[in-house]
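Subject: The structure we talked about

Dear colleague,

I am handing over the structure below, together with an account of what was found in it. Please have the sequence and the 3D view open side by side as you read.

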Amino acid sequence: MKMYLLARRFGVVAMSFALASCTTTPVEFNNKPSAVSKAALCKTALETQDPAFQFQLVAEVNRRGMSMLECERMVAQQRQAAAVLVGLALVGTAAAVCANGNCGGGAYTPTRRYPGNCQYDWQYDAAGNRCGGRSAMSRPGGW
């Protein structure tokens, strides 16, 4: 079971790195701008802090017939999809842990049995008998 959880965690981390690495560098872009994918182009154009590089990226986006609004939507959809995948991985991990019996909660705890005298009539004594009229509450001045 531990190996299963470890594999799931590794998968989530690998997916996160893959989605995070969906950008391009100025060197890669300048070597062959047409080789950069639309997703990497848009993500880099929206996230870069270099104004000159951003100008080049926006020009390439426009050359491909896209707008920056389309880029923003594409990047938002990718982030949403990544969040869904991570959420599914977490739910799957939680289900695996619960299936293993490590969920906790949900257990029924019976009424506490009192050794010796009973305070209330609905309680049970140490022998498992209901206290009823023998309880302190049932006697005069029993509160």
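The average pLDDT of the protein is 77, and 71% of the residues score at least 70. Among the elements, helix α1 (residues 2-20) has the lowest mean pLDDT, 56, while α4 has the highest, 91. Where pLDDT is low, the predicted coordinates should not be read in detail.

As for the overall fold, the protein has five helices and zero strands, so that, reading from the N terminus, the order of elements is α-α-α-α-α. The protein has 143 residues, of which 21% count as buried, and it exposes about 10000 Å², with carbon and sulfur atoms supplying 60% of that area. If we take the contacts with a separation of 6 or more, 42% of them are accounted for by residues 24 or more positions apart.

Which residues make up the largest nonpolar core? There are twelve of them, namely Phe29, Val36, Ala40, Leu41, Cys42, Ala45, Phe53, Leu57, Val61, Met66, Cys71 and Val75. The elements that give two or more residues to this core are α3 (38-47), α4 (51-63) and α5, and the largest share, four residues, comes from α3.

The buried residues of α3 are Ala39, Ala40, Leu41, Cys42, Lys43, Thr44 and Ala45. For Thr44, the relative accessible area is 6%, which is why this residue counts as buried; beyond its neighbours within four places in sequence, Thr44 is in contact with Thr23, Thr24, Phe53 and Leu57.

The structure holds one disulfide, formed by Cys42 and Cys71, whose sulfur atoms are 2.0 Å apart. The pair links distant parts of the chain, with Cys42 in helix α3 and Cys71 in helix α5, 29 residues apart. Is this disulfide left-handed or right-handed? The torsion about the S-S bond of Cys42 and Cys71 is about -50 degrees, so the disulfide is left-handed. Both ends are covered: Cys42 is buried, with a relative accessible area of 1%, and Cys71 is buried as well, at 0% relative accessibility.

The charged residues come next. Side chains of opposite charge can pair when their charged atoms come close. The count comes to four salt bridges. In one of them, the side chains of Glu47 and Lys43 meet with an N to O distance of 4.0 Å; these two residues both lie in helix α3, four residues apart, which is about one turn of the helix. Glu47 is partly exposed, at 35% relative accessibility, whereas Lys43 is buried, with a relative accessible area of 12%. Lys43 and Glu47 also belong, together with Arg79, to a network of salt bridges.

Glu60 takes part in two of the pairs described here, with Arg63 and with Arg64. The N to O distance is 2.6 Å for Glu60 and Arg63, and the closest N and O atoms of Arg64 and Glu60 are 3.0 Å apart. Because Glu60 and Arg63 are three residues apart in helix α4, about one helical turn separates them. What is the relative accessible area of Glu60? The value is 7%, so Glu60 counts as buried, while Arg63 is exposed at 56% and Arg64 is partly exposed at 22%.

Finally, please look at Trp122, which lies in the segment after α5 (68-99). At 41% relative accessibility, Trp122 counts as partly exposed. The C-alpha atoms of Trp122 and Gly133 are separated by 9.5 Å, the two residues being eleven apart along the chain.

With best wishes

Conventions
Residues are numbered from 1 along each chain as its sequence is written. This is a predicted model: local features need pLDDT of at least 70, side-chain atom pairs count only at pLDDT 80 or more; totals for chains, interfaces and linings use all residues. Side-chain values use heavy atoms; hydrogens and water are left out. Buried means under 20% relative accessible area, exposed over 50%, partly exposed in between (1.4 Å probe, protein chains only). Contact means heavy atoms within 4.5 Å. Accessible areas come from the Shrake-Rupley method with a 1.4 Å probe; for residues, only the protein chains shown count as cover. A nonpolar core is a set of buried Ala, Val, Leu, Ile, Met, Phe, Trp, Tyr and Cys residues joined through side-chain atoms within 4.5 Å. A disulfide is a pair of cysteine sulfur atoms within 2.5 Å. pLDDT is the predictor's confidence in each residue, from 0 to 100.
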